[in-house]
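Dear colleague,

I am handing over the structure that I mentioned, together with some notes on what was found in it. Please have it open beside this message as you read.

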Amino acid sequence: MTRAGLLRTGIIAAALGALEAACRLGAIDRFSLSPPSEMATSALRILTSGEYTRDILVTFATVAGAALLSVVAGFALGVLLYRLPRLKRAADPFLASYYAVPSFIFYPLFIVLFGLNRWPLVAVAFVFAFVAMAIASVDGFLSVRPILLRTAASLRLTRMETLRHVILPAAAPYLFTGVKLTIVYAFIGVVAGEFILSGSGLGYRIAFAYQSFETATMYGLMLILICAVVTVNMLLWSHEKRLHARLTR
Amino acid sequence: MGLHAQIPLGEPVTAQAAHVAVRGLTRIFPGANGRPPLQALGPLDLDLAPGEFFSVVGPSGCGKSTLLDILAGLSPASAGSVTFEGKPVADTVPDGVGVVFQEDSSFPWLSVFDNAAFGLRRLKTPEAQLRPRVEEALALIGLSDFASAFPAQLSGGMRQRVCIARTLVMRPRLILLDEPFGALDQQTKLLMGDELLRLWRETGATILLITHSLDEAALLSDRIGVMSARPGRFIDVIETGWARDRDSRLAADPGFGAITARIWRQLREESLKAMRAAP
Ligand SMILES: Nc1ncnc2c1ncn2[C@@H]1O[C@H](COP(=O)(O)OP(=O)(O)OP(=O)(O)O)[C@@H](O)[C@H]1O
Ligand SMILES: [Mg+2]
């Protein structure tokens, strides 16, 4: 393990140990916070009992669907804005202030539109996520050094070939960051939506456990969610780092 | 279509038979943000005979790269015309023209081999044909041992050579080179010059080389065009009279010193002008 990795592991272990001790010694009230060891056993029990498996799968499927839609639509919008600079100039103020609007205010509207099922969740996550992908894409395309486009022209590439073989790979680090953000935003969108109003999913189950004072279950579910999100992100992050290492000294 | 379809062998080169013909070429950049327009080039005329090695020297900022861009069809002329193999050049780079830019233009996401193979892959060249051609090009520029390296692991001069390989592998009939050896040390520069001469002899391509090095121009060229300070025009065209079968050993020839001296006489005044005009 690297020095940074050792330090990271050390800090996490110390924090968990301190929390464990504080809970066990009664410094923290048992009903507000379970000790980490109990969170872990609870998470394990949840996973093995199968009682929550459906909710977990439903949440992940919704996140995956929303993320996929957001990546595709965001990328397409990015290409469009890149190809039509005038449209981009017109859209710039909206893009810049997009995340100033809390998009969850539209959730009730989506429920009215789609009914109380998984689609309003997909919609709210999509609205929250796809613009991040569009912004990352168009920023990536615009970051391509002009000399590479001139090279493409000198090798007689068509517009499509230039996009596919020069612009896309040159913008890859940006696109990758866009995908990473989109997945994170889709997670937030879906779980937050489930919290607010839903009949299934991890977010709904956490909220339900909270309301019925099932502290252990609540923390177990939270731990599962956090571990899943962190794992996905770490995978993307390490991939991104490898990509970067190849492109720079 | 080959060169010989249009230019019967044994006939003297006339303006019609010129491989590249430039007439009254001018480039004026429109002034942005209220600045006045800037005349970067011309008007100038130029004829390149098929298979000729022509070098361009001139003070910095005189419009050499601008000239290359227009010849390649990468940017428009403000006035005048360019024809390549009898067809007007405009908007697109004609088939058979290869360009090496002044700036590093290697693709950082591709290995040296894949960089060199890039153009052939776009033409869907079968891998079995592609491999020997790419390997040959890499050997020519001395980067065979770096085939699987990425540009980020190479020096500036090595990256420039990757770009040269990527262009040469396409076997262009007209090769436009903008300061291709700029980032190389003197010895490598001479050896690369020899390799370029060998390739030129073997392929019969026409070469236009832009260079800052008077020695390089004097050693490699059939003719050398000396440009004035901006807006660049040819103030002198020097015939070297070298045999086709030549290499860097020419540097010991007494004629070599005479040619560089003549270029410098022409260029000194213009370079001073360009330096004074620089902001
Ligand atoms: N896109 C552009 N817009 C405006 N002015 C330009 C543009 N490109 C070049 N110029 C100007 O045209 C002139 C000629 O530029 P060019 O790059 O052709 O010179 P050069 O002879 O290649 O110089 P160097 O030897 O330094 O490479 C310069 O004064 C430059 O500032
Ligand atoms: Mg230049």
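By about how much of the helix are A:Y204 and A:F208 separated in helix 9 (residues 202-211) of chain A? They are separated by about one helical turn, because they stand four residues apart in that helix. Please bear in mind throughout that this is a predicted model.

Aromatic rings

A pair of aromatic rings is described by the distance of the centres and the angle of the planes. Over all chains the structure holds 16 aromatic pairs. In one of them, A:Y98 and A:F130, the ring centres are 6.5 Å apart and the planes stand at 85°, so this pair is edge-to-face. The pair links distant parts of the chain, since its members are 32 residues apart: A:Y98 is in the loop between helix 4 (85-97) and helix 5 (107-114) of chain A, whereas A:F130 is in helix 6 (residues 119-142) of chain A. With 24% relative accessibility A:Y98 counts as partly exposed, while A:F130, at a relative accessible area of 17%, is buried.

The rings of A:Y204 and A:F208 have their centres 5.9 Å apart and their planes at 40°, so that pair is tilted. A:Y204 is partly exposed, with a relative accessible area of 22%, and A:F208 also counts as partly exposed, at 41% relative accessibility.

Ring pairs also join A:Y98, A:Y99, A:F104, A:F126, A:F128, A:F130 and A:Y185 into a cluster. In chain B, B:R166 lies over the face of B:F107, at 4.7 Å from the ring centre, and B:R244 lies over the face of B:W200, at 4.3 Å from the ring centre.

Where the two chains meet

The contact takes 24 residues from chain B and 19 residues from chain A, and between them the two chains bury about 2000 Å², of which 62% is on carbon and sulfur atoms. Of the area that chain B buries against chain A, B:W109, B:R122 and B:A152 supply 31%, which is more than any other three residues.

Across this interface the rule finds one salt bridge; B:D69 forms a salt bridge with A:R150, with the closest N and O atoms 2.7 Å apart. Four residue pairs in polar contact are also found across the interface of chain B and chain A. On the side of chain B that touches chain A, the elements that give two or more residues are strand 6 (97-100), helix 2 (112-122) and helix 4 (156-168) of chain B.

Two buried residues

A:S70 lies in helix 3 (residues 53-83) of chain A and is buried, with a relative accessible area of 0%. A polar atom of the side chain of A:S70 lies 2.6 Å from the backbone oxygen of A:A66.

B:E52 has its place in the loop between strand 2 (38-48) and strand 3 (53-57) of chain B, and B:E52 is buried, with a relative accessible area of 7%. The side chain of B:E52 makes a polar contact with the side chain of B:R223 (2.4 Å). Leaving aside neighbours within four places in sequence, the residues in contact with B:E52 include B:W200 and B:R223, and B:W200 is the residue whose ring has B:R244 over its face.

Notes: Residues are numbered from 1 along each chain as its sequence is written. Chains are lettered from A and ligands numbered from 1 in the order in which they are written. This is a predicted model: local features need pLDDT of at least 70, side-chain atom pairs count only at pLDDT 80 or more; totals for chains, interfaces and linings use all residues. Side-chain values use heavy atoms; hydrogens and water are left out. Rings of Phe, Tyr and Trp (its six-membered ring) pair if their centres lie within 6.5 Å; planes under 30 degrees apart count as stacked, over 60 as edge-to-face and the rest as tilted. Buried means under 20% relative accessible area, exposed over 50%, partly exposed in between (1.4 Å probe, protein chains only). A charge sits over a ring if NZ of Lys or CZ of Arg is within 6 Å of the ring centre and within 35 degrees of the ring normal. Contact means heavy atoms within 4.5 Å. Buried area is the accessible area (1.4 Å probe) that two parts lose on being put together, summed over both. A salt bridge is a side-chain nitrogen of Lys or Arg within 4 Å of a carboxyl oxygen of Asp or Glu. A polar contact is a pair of N or O atoms within 3.5 Å; within protein, one must be able to donate a hydrogen and the other to accept it, and residues adjacent in sequence count only if both atoms are side-chain atoms.
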